[in-house]
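Here's a quick tour of one chain, from a single side chain out to the overall build. Have a look at the model first.

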Amino acid sequence: WQVCNNPELTALLQAAAQHNTDILTALANLRSAAALADDATAALFPTLTANGQGSGNRAQNNWTEGWQAGASGAWSISLAGGNIAAKRAADLEAMASAMTLEDTRIAVAAEVAQTYVNLRLAYVQKLIAEMTLSNYKQAADIARWNYESGLSDKTEVDQAVSNEENARAQIPLLEQSIDSYRNALARLTGQSVATLDVKPAETVPAAPMALAVSLPAETLKQRPDMRAATYSLEAASDRVYEARSQWFPTLNLSGNLGTQAATISTLGASGTGVAGILAALSLPLLDWGAQVTATEQQLAALDQARANYTKTLLAALEQTENAITGITTSQSRADALQRALTAAESAADLAMQQYSAGLTDYQTVLNTQRTLYSVRENEQSNKADLATQLIALYRAMGGGWKPAVETKAADTTPRATDNETAG
């Protein structure tokens, strides 16, 4: 976004990066996904719990006590590797969430930049409307003078006044558009309109006319949404493996170690130690289709992830090609519109001079003024289109994205079939 060399736009982008609600939401989602990944990692290791208890009992005037202190541990191991698959899936989901955050940042930046260009265009359009109003007012004054001098009839005056007032009526609509774009910028940057520091402009932000665009197949690799779709697809494949692992045995280990005594003072003394260990193997035999349903759900999620990957890839190609085509079109129109503007300005000036000297009629002035207004609008709109198409291209290419947050996946390398599925 620095190609515009516009400090005002840069300040807006920085404010959006810090305060935009969509970015803050994506950041919170990343924190949640990272916590789930840590939880999946913790499930790979044994748990250890400290415990202690004491009791007292009176019977037949005899008081007895019992005291116990120690620790217990447990470890559940999926013999088919379900725990490892769950950890790997959680890591990939966290990485997908990180890429979603980066994609949100880029999308917000692009929206801010495009809204800013539209605001600047609205300011310029207002200036053009005011210039047109001034020209129509000048023509109306001449028409009144000609009428008062007996050189023209009242119809010419009425037509000139009508055109003047119609041009005046366009200005409030443009002011409404300006307010709308300012409101949008305030929302995107997380501030009030009153604190929005965007001043009226006389020009549309200029885009560089020479662009170096690499092949879409190369640039798409850096798009965060493509990376997110890839990670989500691989995670879905691991979730299927995790679900299928539930068909196989699970080894549950538990044990305890401690001391037990009749008085608290003798805890830990010789002969008071207690210990136990238990190993259990569990295998589902009859669950009335619960495992089949769980596996089918994950297979459906895998199909959804595969379809989403394809959808994201096709959308990325479409956005890139459309942006390149839009830039090419705007560049090819720029020179022709500039020549048209020069000719329209010359024709309008000459017509006004001839009208003032009584050498032409008002209709000629009206036609040249309308042409000039239209060409000025088209020329400035084309400049704005070029800038917004450039922004769209940067958005399609992944913007200025750098991987600020990308958690490393599980140590286990993804299976070849997963990579092939991910494209």
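Arg-31 has a relative accessibility of 64%, so Arg-31 counts as exposed (exposed is over 50% relative accessible area, buried is under 20%, and partly exposed is in between, with a 1.4 Å probe and protein chains only). You'll find Arg-31 in helix 2, which covers residues 21-42. Lys-87 sits 56 residues away from Arg-31 along the chain, with 16 Å between their C-alpha atoms.

A word on ground rules: this is a predicted model, where local features need pLDDT of at least 70 and side-chain atom pairs count only at pLDDT 80 or more, while totals for chains, interfaces and linings use all residues. Residues are numbered from 1 along each chain as its sequence is written, and side-chain values use heavy atoms, leaving out hydrogens and water.

Zooming out, the chain has nine helices and four strands (DSSP runs numbered from the N terminus: H or I of at least four residues for helices, E of at least two for strands). Their order from the N terminus is α-α-β-β-α-α-α-α-β-β-α-α-α.

The C-alpha atoms fill a box of roughly 135 × 55 × 40 Å along the principal axes. Of the 423 residues, 37% count as buried.
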